[in-house]
Each structure stands twice: as structure tokens, then as C-alpha cells.
Amino acid sequence: MKILLVGCNGQLGWELQRTLPYFGELLSVDFPEIDLSNADSVQSVVTSFKPHVVINAAAYTDVDRAESQPELCMKVNCDGPKFLAEACDQNQSVLVHYSTDYVFSGETDRPYREDDQPGPVSVYAESKLRGEQAIQATFDRFLILRTAWMYSLRASSFLTKVLSWSEKSAEISVVDDQISNPTWARAMAEMTTLMLARLESQAWPASLMGIYHLAGDGYTSRYEWAKAIIEIANQHQVKVNPAKSEDFHTPARRPRFSALDCSKFYQAFDLRLPSWQACLRLSMKK
Ligand SMILES: NC(=O)c1ccc[n+]([C@@H]2O[C@H](COP(=O)([O-])OP(=O)(O)OC[C@H]3O[C@@H](n4cnc5c(N)ncnc54)[C@H](OP(=O)(O)O)[C@@H]3O)[C@@H](O)[C@H]2O)c1
């Protein structure tokens, strides 16, 4: 089994680079060996390696900067997946691609299911939705995994930011009106690899292709998440205050409630991520 991993230096890609070799022969690439915004670059990497599976963990992920760089963001997040899907279609490869809870508007009170209506509220979110649509319009042999609030100690993430704020300040303010599923990048990489093993053992059934939600089990607010981080880090002297999104003037809007219902993935693959609290504790273990 030959696997092409695109975006190997990113938060998720770095973890995938460690789990995917259990499953097959891996070629890992990132920018500039591959440029997702360039069709020839994508085509040439896929055609020369001829992978059975392409895993795309690369994306333009700076949600705020995307508001002032919409063209670049669209190229990477919409054209890129389209070029990958076209190359996979020609090469008869399966494409595994990641998307986001931010494709939803957040105006709901229950976790989103795969067939709920998207309603992106930022440039980044719109670009990720268009990327999904471009793949779906190209071919059928894809798995799109929508995940949420990914973090790790290795990359710059909400986890590392809260730890860094707590070292510098006695009090921090964190929004309590954004709710979703904190997802440990390593657990996401492990689930992806186990999912591939299930698909391989069943000869890649067409019935299992499609869009899935996959994120840490359970959901919470950024405020409660920050409090859990502070507690596990034993920084009990730091006070966490609840704040509102409108208190922080960020260029991009975020959904209010974008938690994902992952039951379709659980049922299809008989796999589930542990609770977000268990993953957080494991991720912070020295
Ligand atoms: N992080 C989250 O909270 C979150 C939540 C939901 C969904 N997701 C999705 O999960 C996936 C992985 O996210 P992540 O946090 O691991 O992202 P990340 O850490 O930002 O990594 C993305 C990687 O893509 C590379 N890249 C950017 N532009 C490229 C281009 N034109 N061609 C090739 N590679 C390019 C980046 O390289 P440079 O660093 O050199 O730019 C980086 O190595 C993405 O699809 C993201 O949308 C993430």
C-alpha cells in the first residue's frame, strides 16, 4: 500500500507522519515540494509516486489572516483539493481530506450531523466548504473528515497559547460563547490510520466513501477548555474569567456552537475518539 501524505509539517501532518508508516509505504511532502495552489505541481507529485491513498493534511489555516488574503486562501483550500481529486481520479487513488466544523454557521443547539446545511461565516470557512464541494464534484473515491478545534503541544494551538498566557498573567479572559469539540491531533492521526486499516480489510467499499464528522468526544466552551488546561497544568493561581466573542475584535467571525455529531463515523468504522478531557490529559503528560 503506497500512501502520499500532503502537509507533513503541519500540526496534524506531523502526527500522521508517525502513524501512517504502520499501514504502508509512505511518501511525505509539504510546501514547496508540492504546492496545492498549482495544478502541475499536484499532478506531478501524484503521477510520479502513484499512491493508493492520498492523505491531504495541508491547508491555509490562518482563519483571521484569510480575511485579508481571500484569493490565496481559496486557491489553497478550494483549488488545491480539486487538483488533488483530479489527480487521484486519473490515478485511481482514494483521497482522504480534512475539513472543519467552521463550515457551519453555529446557529443551532445540537451537534451538527453530516447532512446538516452548511453556512460558513468567514473566508476560511467558505474556502473549506468549497474545497469539499470541489472534491465531491470530481469523483466518488474520497473520505472527507470534518474535525474541530485541533490542538497539540508541538504546534501553536489553543493549548500552547493558554499555557503561555498562564505563565505571563495571573488572570486570563477566554470566551464562553464559542462551543465545539477539542480534538487532539495525535488521536486524530491514530483514528485516520485505523480507519484506513478498516477500509483496506474490506477492500475499500464504495459504501463507506463520503463525508464524516470526527472530533474529540463531547463538547465544551473555550472558557471551560482553558480552565481544564490550567487545572491539568497545576497553574491553580491563575484565574480564568469568562468573556464574550464581541470583547475581542478578531477579523474573522467564528460560529457560536459548531460541535460535531460523530455517530456516523462511529457506526461505519466501529471506532471513536476518547472524551476530549481524557485526550487533553494524555496530550499534556510529560
Ligand atoms: N487546527 C484546527 O483547529 C483545525 C480545526 C478543524 C479542521 N482543521 C483542518 O485540519 C487540517 C490540518 O490542520 P492543521 O492544524 O494540521 O494545519 P497546519 O498546522 O496549519 O498545517 C497545514 C500545512 O499545510 C501547508 N501548506 C500551506 N499552504 C500550502 C500549499 N499551497 N501547498 C502545500 N502545503 C501547504 C502548511 O505549510 P506552511 O506552514 O509552510 O504554510 C502546513 O505545513 C486542515 O485541513 C484544517 O483545515 C484544523
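**Exercise 1. Buried or exposed: which does Trp-149 count as?**

Before we start, here are the ground rules. This is a predicted model, where local features need pLDDT of at least 70, side-chain atom pairs count only at pLDDT 80 or more, and totals for chains, interfaces and linings use all residues. Residues are numbered from 1 along each chain as its sequence is written, and side-chain values use heavy atoms, with hydrogens and water left out.

*Solution.* 
- Step 1: find the residue. Trp-149 sits in the loop that runs between strand 5 (142–147) and strand 6 (150–151). Helices (H or I, at least four residues) and strands (E, at least two) are DSSP runs, numbered from the N terminus.
- Step 2: check the cover. Trp-149 has 7% relative accessibility, so it counts as buried (buried is under 20% relative accessible area, exposed over 50%, partly exposed in between, with a 1.4 Å probe and protein chains only).
- Step 3: look at the backbone. Trp-149 isn't a glycine, yet its phi is positive, at about 35 degrees.

**Exercise 2. Find the loop that holds Ala-203, then work out whether Ala-203 is buried or exposed.**

*Solution.* 
- Step 1: go to the stretch between helix 6 (185–201) and strand 10 (210–213); Ala-203 is in that loop.
- Step 2: read its phi. Ala-203 comes out positive, at about 60 degrees, without being a glycine.
- Step 3: check the accessibility. Ala-203 has 60% relative accessibility, so it counts as exposed.
- Step 4: Most residues other than glycine have a negative phi, and most peptide bonds are trans.

**Exercise 3. Which residues does a cis peptide bond join?**

*Solution.* 
- Step 1: look at omega between Phe-31 and Pro-32. The angle is about 10 degrees, and the bond is cis.
- Step 2: Pro-32 belongs to the loop linking strand 2 (25–29) with helix 2 (39–49).

**Exercise 4. How many residues surround the ligand, and which protein atoms pair up with it?**

*Solution.* 
- Step 1: collect the shell. There are 23 residues around the ligand, where near means that one of a residue's heavy atoms lies within 4 Å. The closest are Leu-12, Asp-30, Thr-61, Tyr-124 and Lys-128.
- Step 2: sort the shell by class. It holds 13 nonpolar, 7 polar and 3 charged residues. Here Ala, Val, Leu, Ile, Met, Phe, Trp, Tyr, Cys and Pro count as nonpolar, Asp, Glu, Lys and Arg as charged, and the others, Gly among them, as polar.
- Step 3: go through the N and O atoms. From the backbone, an N or O atom of Leu-12 is 2.8 Å from a ligand oxygen, while one of Leu-36 is 2.9 Å from a ligand nitrogen. From the side chains, a polar atom of Thr-61 is 2.6 Å from a ligand oxygen.
- Step 4: On its own the ligand has 910 Å² of accessible area, and the protein covers 77% of that (Shrake-Rupley method, 1.4 Å probe; for residues, only the protein chains shown count as cover).
- Step 5: name the elements. Helix 1 (11–19), strand 4 (94–100) and helix 4 (123–138) are the ones that give two or more residues to the shell. Strand 4 gives the most, with 3 residues.

**Exercise 5. Which side chain makes a polar contact of 3.1 Å with that of Asn-56?**

*Solution.* 
- Step 1: locate Asn-56 in strand 3 (residues 53–56). Its relative accessible area is 1%, so Asn-56 is buried.
- Step 2: follow the side chain. The partner at 3.1 Å is the side chain of His-97. A polar contact is a pair of N or O atoms within 3.5 Å; within protein, one must be able to donate a hydrogen and the other to accept it, and residues adjacent in sequence count only if both atoms are side-chain atoms.
- Step 3: Thr-108 has 16% relative accessibility, so it counts as buried. A polar atom of its side chain is 3.4 Å from the backbone nitrogen of Arg-110.
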